Amino acid sequence: MKRVLTTFLFFVLLILLWAALTGDLQWLGIGPEEPVWNPYVLPPPGVVGHYLWDNIINFKILNAMGVTLQRLLIGYAIGLVLGVPLGMLSARFRSVSDTLGMLALGLQALPSVCWVPLACIWFGQSEAALLFVVIMGTLWSVLLSTQNGMKNVPPIYARAARTMGSSPLHTLIFVTLPASAPFVVSGMKQGWAFAWRSLMAAEIYVSVVGGFGIGQYLHFGRELQRMYQVIGIMFIIILVGLLADKLLFSPVESWLHRRWGTDKE
Amino acid sequence: MKRLLATLILLLTGTLVLCQCSREEEHSTVIRIGCFPNVTHVQGLVARNMWRHKTFNDKGWFENEIPGYTEEWYTFNAGPTAMEALFGKTVDVTYVGPSPALNAYAVSSGREVRLLAGAVNGGAALLVAKGLNINSPADFKGRSIATPQLGNTQDVSCRAWLIRHGLSCPLEGGGDCRVAPTPNAMQLQLMAQGDIDACWTVEPWVTRLKDKAGANILVEEPNVVTTVLASRVGWLKHHPQTANQLIAAHKKLTQWIYEHPQEAQKHVADEMMHLTQSDENERAEFEKLIKSAWNRMTLTDTVDVAGLEQFVKDGQSTGLLDHVPPVQGMLYTPAPQPSTAAH
């Protein structure tokens, strides 16, 4: 309880500091006479809050969140569907590992926002271009971590299963896959982080495609010199990222920990 | 609790240190000037080219006119980026379109931006892709129009024109037609691919779209303000004398370009080739392009206040501008010269 209180107090003080330096607490006589920063450089929290409130109640931000999350989930799902089997193949066959594995290793080093110029020409300024960028962000890291996870399963498991009469497919599904699950899940989580970052970068970078995502709101805030919009949207991006982590991955991870007997409780 | 306080004190010190890091050098003798690789920034391009080739005794035009100062040039694709640089104190003066300058003026509650002089009127047009049956505003229903950047002058003109003709084009999409901010350099390709149906842009891109993609001009506003010379209040305050000299030099340059169009065109072509990193064998093509673009614009050195007020109305009708302080306050009033003060 004390820890929660400390965290809470820290954030409240941080916001109060921000408010004081940007002149939001002048009515209380706190803070410098002239705001340290002009409101177009660093807007006071009141203005940011006002912007967020206005745009949440008229559903603009919620719609944008919907558009962005849809892009993210579709792109991420495609990345997983392609990445996990390819990673398995790459772990099983040396020829795949030497070819596709190396390609993945190379492309993983490439931030996927670098694909944007090509994607815009190949697919036009459309949803497909953004999806492509998200997939490129997800695919390689999922592929590599699946491959890595499968390779790290102690061979004794598979051998033990086979002496008990398990067929190769049975071994793969009921032994190797569950054994490599922690690696695969952490790879999926990393893939998610890459997908989220690349989508934000792409939405800021590509002007307008079919729908209007939150990255584009941030970009438009920049173009119109509305820093309150930029900061407001940054909060929304943090919120979505945290929610995804808490709702999607935390349950899976704690389940895994329970199954593996590695939870602290 | 003590640790919490310590963290906060650390943060506070950090922010205060950050406040002191300003890019403002009060006594700098470098004038940082911005312009775009557009023919409608003709004064900027000519001066920049003269600076590149050190035309006047190893000096550029402004250096020659303002003794003791040197020039430094910066390139932007469109106005909003230029205004960002002005706010960020990375340029002191810039050639820019009226809408972004007005937006920056409004955003800073009239505190940050001043107009020093006019530069060019006209030179912008709405072009429709070849073979499309678009002859009136109503035909734009369901179509997409590219503009150089959100909130730039052509973007505001385009949105206001559509709204005046009863078509909606909300920023978030989903209206009667889509206005898609697209960098000038990408427009030709996207139009050729059929990704955009029309384009509201400036010279030389107008002529380029016309010649290379066979686009047809539908709307042209020859008297509308396209380019002005804008500056930062901070810089003007520290360099009042230089600002006056700069304005005089800009006016003299405008007059020179007016009297020497052919030479000026050569400078513009050469500069655009440098800025777009073009090959030497494209020179003839560039010169031809600039020559035909030339007729579509008018040089000026005065600020058209009525024109600016129209832009304020346009900006507000499109929702891109909120409250704008009186436009008159945006005009820079030169500090009295010591010599005239004696009279």
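The model is predicted. Chain A has ten helices and zero strands.

**Overall build of chain A**
- The elements of chain A, read from the N terminus, run α-α-α-α-α-α-α-α-α-α.
- Chain A is more spread out than a compact globule, because its radius of gyration is 23 Å, well over the 18 Å that the globule rule gives for 265 residues.
- Along the principal axes, the C-alpha atoms of chain A fill a box of roughly 80 × 55 × 30 Å.
- Of the 265 residues of chain A, 36% count as buried.
- Among contacts in chain A with a separation of 6 or more, 70% come from residues 24 or more positions apart.

**Crossing of H2(A) and H10(A)**
- Helix H2 (residues 45–57) and helix H10 (residues 227–260) of chain A have axes that come within 9 Å and cross at roughly 70°.
- H2(A) is therefore roughly perpendicular to H10(A).
- The crossing of H2(A) and H10(A) is right-handed.
- H2(A) makes the contact through Val47(A), Val48(A), Tyr51(A) and Leu52(A), and H10(A) through Tyr228(A), Gln229(A), Ile231(A), Gly232(A) and Phe235(A).
- Seven residues of this contact between H2(A) and H10(A) are nonpolar, two are polar and none is charged.

**Contact between chains A and B**
- Chain B gives 27 residues to the contact and chain A gives 21 residues.
- On the side of chain B that touches chain A, the elements giving two or more residues are helices H1 (2–20), H4 (79–87) and H5 (98–107) and strand S7 (178–181) of chain B.
- H1(B) gives the most to that side, with seven residues.
- The side of chain B that touches chain A has 15 nonpolar, nine polar and three charged residues.

Key. Residues numbered from 1 in each chain as written. Chains lettered and ligands numbered in written order. Predicted model: local features only at pLDDT ≥ 70, side-chain atom pairs only at ≥ 80, totals over all residues. Axes fitted to C-alpha atoms, helices over the stretch in contact; angles between N-to-C directions. Helix = DSSP H or I, 4+ residues; strand = E, 2+ residues; numbered from the N terminus. Parallel < 35°, antiparallel > 145°, perpendicular 65-115°, else oblique. Left-handed = near helix turned anticlockwise from the far one by under 90°. Contact = placed C-beta atoms within 7 Å. Nonpolar A, V, L, I, M, F, W, Y, C, P; charged D, E, K, R; others polar. Rg over C-alpha atoms; globule rule 2.2 N^0.38 Å. Buried ≥ 20, exposed ≤ 12 C-beta atoms within 10 Å, placed from the backbone.
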